[in-house]
Structures are given as C-alpha cells and as structure tokens.
Amino acid sequence: NFFLDPLQQYRKASFYKPHYTNSRFLNPGLIKNYDYDSLVVGSSMAQNFILSDISHNLNFKKPIKLTSSGAQANLLALNIETALQQKNIKKILLTLDFYAFSGNRDSFLQLNKTTPNYLYDNNYFNDYLYLLNIDTLKVFIKTYIMQTIKNNMVEFDYNKMYQWQHRFNEKDFNSAKVIAKWSNPETKFNREFQSDDFFLENLKRNFRDSMMDIIESNPDVEFYMLLPPYSVLAYVDAVNNKTFNDILKFQEYISLNLLKYKNVKLFAFNSEEKIIVDLENYRDAFHHHQNINKWMINEMTK
C-alpha cells in the first residue's frame, strides 16, 4: 500500500493516473504532494468549476480543486489551513453555502465520520489506518482497471477533477423533473431547514469560527468568495420552514463582514433572478448546470 499509494498520501502518482473521486480521502494527499499556488474550495456547488477556465479568466496560475460533496465549513477550513501550511497560496475561490455553516457548536465542530483526520496531520504513526487496510489495495485495483479499460474518463482528468456534470443527461436539467423531486418527500433534498441548526446565531458563530481567522491571518492571499445561486425552490423551502429570515440575515452578515477586508472579493449570485427562477438550469432545488459555473466565472471578470 505504501508503494502503490492510490490516494497520493506520500507522493504524486507516476505509473498510473489518479482517480479523482472520494475527495475526503484524496484531498489531504493532494495538498501534501501536488504542485499548486491557488485553491478552489467548496461543496458540490463548486465541483463543476473547470480549472482551466479559472486559470484563464481569474489568473489562478496553478489551481487545484479541494471540494467535497456536502462539506461543512469546518472541513473546508481544514483543507484551506492545511494547504496554507504546505504552499505559498496566492488565491482562493470559495463557495459560501449557507447550509455549510449550519449546526449547533458541538455538531459543527465534529467532522464527518468519513473524514480521515489522521491523513491531514504530520504524524506517520497513525497512518497504519491507511497502510494496513485492504480497502486501500482495493482502491488501487479499481483505479488501475478503470484507467486500463477507459483512460479518457473525466474522473482521471485533473482539469475537471471531482466534476459531477458528466454523470447526468442534459434532460435531467428540466423544470418538471426538478419540481417533481422537490415535491416528493422521498427525493426531497435531505436537509432539515426547520431545525435550530439554521438559527442566525449558530450560522454567524460557525462562520466566524471557520473562516474569519483564515482571512485575517492571510492578508496576502486574495479570496474570491461567492454566494451560490440556489434555485428559488430552496428559498421557498426556507420560507415554509421559517428559516428564510435567518438565512437572509446571515448572508447580509457575511457580506458586511467580508467587505471590510481588502483581500476579499465577494460575488453574490444568490439573487440573480434570471438564473434562480429558471428551473431549466437545475437538476434539483440546489444543483445547477455546469454552464452556470462558467457564467459565474465570466461574471467575476467584469
């Protein structure tokens, strides 16, 4: 397992292509062993950004994508802080999903159980969980077989790493399908927006704890922060569950605080009416088409 190292924990792959999936395990290895000077960080809302688009339009010279589906802000902060310790980071693009800051103090501070904390530290003695694990070998075997059969898969493309767009048909981005999913309890987006996890004070505290120190401690890093354009249905849910005012005030709180910093550029795409009310742009109440990622990058250059 040390020699094969399918999750790049000790070196960048040389005799096989890395398989850019399972980001919670792969990201700590990428952070330690890849060559980069800028980051793209966020949840699934950031996974469809293409690195060459960001490099060309926003002048990110050597970007890397450190995204994780459903990531809370504490995991995003861990990736940013670890990367800042490893490299001289110039720029960071970060999506500010309001649900990433949800949770009471105890639940927010706990990383997802699937997150391998031991791979983020510099203690090699606890790496036995990776090295003495049959699943590590299985990951390599699966990766090697897949690239042998079809090495042009998007999952092996660094430029499109962690992208999910290719897994969906264009017909999946359809207003009727989105409304059907949204109105069906069995396929409804699995988040309890009516819980106290979305109380304003919880959201504000979690934002301060995860992001403010990073920004203040790194004045030479240029941050591109964006409020993503969820569909209007996401906000209808928030209204119905009486969390809309808290979420709206939280986004205002984010804006007022971030605009104090000269090294922060804030882009609010959350109220772009031509995007969020057109459900043809979405595959569910939250996740938009990759064309919207491209559009946001173009907007950021204006």
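**Figure 1. Charges and surface of the chain.** The 35 positive and 33 negative charges of the chain have mean positions 5 Å apart. The model shown here and in the following views is predicted. The chain exposes about 14500 Å², and 52% of this area comes from carbon and sulfur atoms.

**Figure 2. Overall fold.** Twelve helices and five strands make up the secondary structure of the chain. The chain is as compact as a globular protein of its length, because its radius of gyration of 19 Å is close to the 19 Å that the globule rule gives for 302 residues. The C-alpha trace spans about 55 × 45 × 40 Å along its principal axes. Of the 302 residues, 54% count as buried. Among contacts in the chain with a separation of 6 or more, 78% are between residues 24 or more positions apart.

**Figure 3. The largest nonpolar core.** This core has 85 residues. L39, L96, F207 and M300 are the residues with the most contacts inside the core. In soluble globular proteins, nonpolar side chains tend to be buried together. Leaving out residues up to four places away in sequence, M300 touches L58, L93, Y224, L226, F267 and F269.

**Figure 4. Helix α12 and its cover.** Helix α12 takes in residues 290–300. Its buried residues are Q290, I292, N293, W295, M296, I297 and M300. These buried residues are covered by elements that include the helices α2 (51–58) and α11 (273–276). The strands β3 (91–95), β4 (222–227) and β5 (264–268) are also part of the cover. M300, a buried residue of α12, is also among the residues with the most contacts inside the largest nonpolar core.

**Figure 5. Helix α1 within the structure.** Helix α1 covers residues 23–33. Eight of its eleven residues are buried, so the helix is largely enclosed by the rest of the structure. The buried residues are S23, R24, L26, N27, P28, G29, L30 and I31. They pack against strand β2 (63–67) and helix α3 (73–86).

**Figure 6. K62 in its loop.** K62 lies in the loop between α2 and β2. It counts as partly exposed because its relative accessibility is 36%, between the limits of 20% for buried and 50% for exposed. Apart from neighbours within four places in sequence, K62 is in contact with D35, Y36, D37 and S38. K62 and D35 are 27 residues apart along the chain, and their C-alpha atoms are separated by 7.4 Å.

Note on methods: Residues are numbered from 1 along each chain as its sequence is written. This is a predicted model: local features need pLDDT of at least 70, side-chain atom pairs count only at pLDDT 80 or more; totals for chains, interfaces and linings use all residues. Side-chain values use heavy atoms; hydrogens and water are left out. A nonpolar core is a set of buried Ala, Val, Leu, Ile, Met, Phe, Trp, Tyr and Cys residues joined through side-chain atoms within 4.5 Å. Buried means under 20% relative accessible area, exposed over 50%, partly exposed in between (1.4 Å probe, protein chains only). Contact means heavy atoms within 4.5 Å. Helices (H or I, at least four residues) and strands (E, at least two) are DSSP runs, numbered from the N terminus. The radius of gyration is taken over C-alpha atoms; the globule rule is 2.2 Å times the number of residues to the power 0.38. Accessible areas come from the Shrake-Rupley method with a 1.4 Å probe; for residues, only the protein chains shown count as cover. Lys and Arg count as positive and Asp and Glu as negative; His and the chain ends are not counted. The place of a charge is taken as NZ of Lys, CZ of Arg, CG of Asp or CD of Glu.
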